[in-house]
Amino acid sequence: MTDYDDNNIFAKILRGEIPNDTVYEDEYVLAFNDINPLAPVHILVIPKGKYVSMTDFSIKAPATEIEALYRAIGKIVTDKGLDKKGYRVIANTGEHGGQEVPHYHIHIIGGEKIGSLRP
Ligand code: 5GP
């Protein structure tokens, strides 16, 4: 697993160096609209801690941070009304997973019927 890069774009967002369209924030979590949305709703949910990926987060994060991330997702999808018709959650991980930004993030995509993973 690669080391955390403090210059990744989400680290800059967390430091307030780059603006974001915040959807939700608490002590451990920030969620904001994706700059290049793939659907009517496309939100990125990130831990505030320095974790490179799903692997890094799931192995190293304390339970409070893991719980906070999942509770935040529950709140966001309910607030956005996505729970009624459904949505997709994606965590691209590493080279094979197509991860571009090396700070762990979960995509919440919805607001319309999302197509197959293999179109
Ligand atoms: P990945 O491929 O790493 O899972 O997804 C990274 C996501 O971050 C992409 O959907 C991309 O559009 C989004 N993204 C990249 N740079 C920025 C940015 O500066 N602001 C926001 N809001 N989203 C970004």
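**A walk through the predicted model**

Let me begin with Asp56, which has its place in helix α2, residues 54-60, where helices (H or I, at least four residues) and strands (E, at least two) are DSSP runs numbered from the N terminus. Residues are numbered from 1 along each chain as its sequence is written, and side-chain values use heavy atoms, with hydrogens and water left out.

Asp56 counts as buried because its relative accessibility is 3%; buried means under 20% relative accessible area, exposed over 50%, and partly exposed in between, with a 1.4 Å probe and protein chains only. Setting aside neighbours within four places in sequence, Asp56 is in contact (heavy atoms within 4.5 Å) with Met1, Lys50, Tyr51 and Ala61.

Turning to the sheet, we find an open one of 5 strands in the order β1-β2-β3-β5-β4, with antiparallel pairing; two strands pair if DSSP finds at least two bridges between them. β1 (22-25) and β4 (87-90) stand at the edges with a single partner strand each, so one side of each is left without a neighbour in the sheet. From one strand to the next, the twist averages 20°. Strand β3, residues 41-47, pairs with strand β5, residues 106-110, over 5 bridges in the antiparallel sense, and His42 has Ile109 in β5 as its bridge partner. Across β1, β2, β3, β4 and β5 lies helix α3, residues 63-79, running at about 160° to β3, where axes are lines fitted to C-alpha atoms, for helices over the stretch in contact, and angles run from 0 to 180 degrees between N-to-C directions.

In the loop between α5 (94-97) and β5 sits His103, which counts as buried because its relative accessibility is 0%. Not counting residues up to four places away in sequence, His103 touches several residues, among them Tyr4, Phe10, Ile46 and Tyr51.

Which residues are closest to the ligand? Of the 16 residues that surround the ligand, the closest are Asp34, Asn92, Glu100, His105 and His107, a residue being near if one of its heavy atoms lies within 4 Å. A backbone N or O atom of Glu100 lies 2.7 Å from an oxygen atom of the ligand, and a backbone N or O atom of Asn33 lies 2.9 Å from a nitrogen atom of the ligand. Taken alone, the ligand exposes 520 Å², of which the protein buries 85%, with accessible areas from the Shrake-Rupley method and a 1.4 Å probe.

Notes
This is a predicted model: local features need pLDDT of at least 70, side-chain atom pairs count only at pLDDT 80 or more; totals for chains, interfaces and linings use all residues. A polar contact is a pair of N or O atoms within 3.5 Å; within protein, one must be able to donate a hydrogen and the other to accept it, and residues adjacent in sequence count only if both atoms are side-chain atoms.
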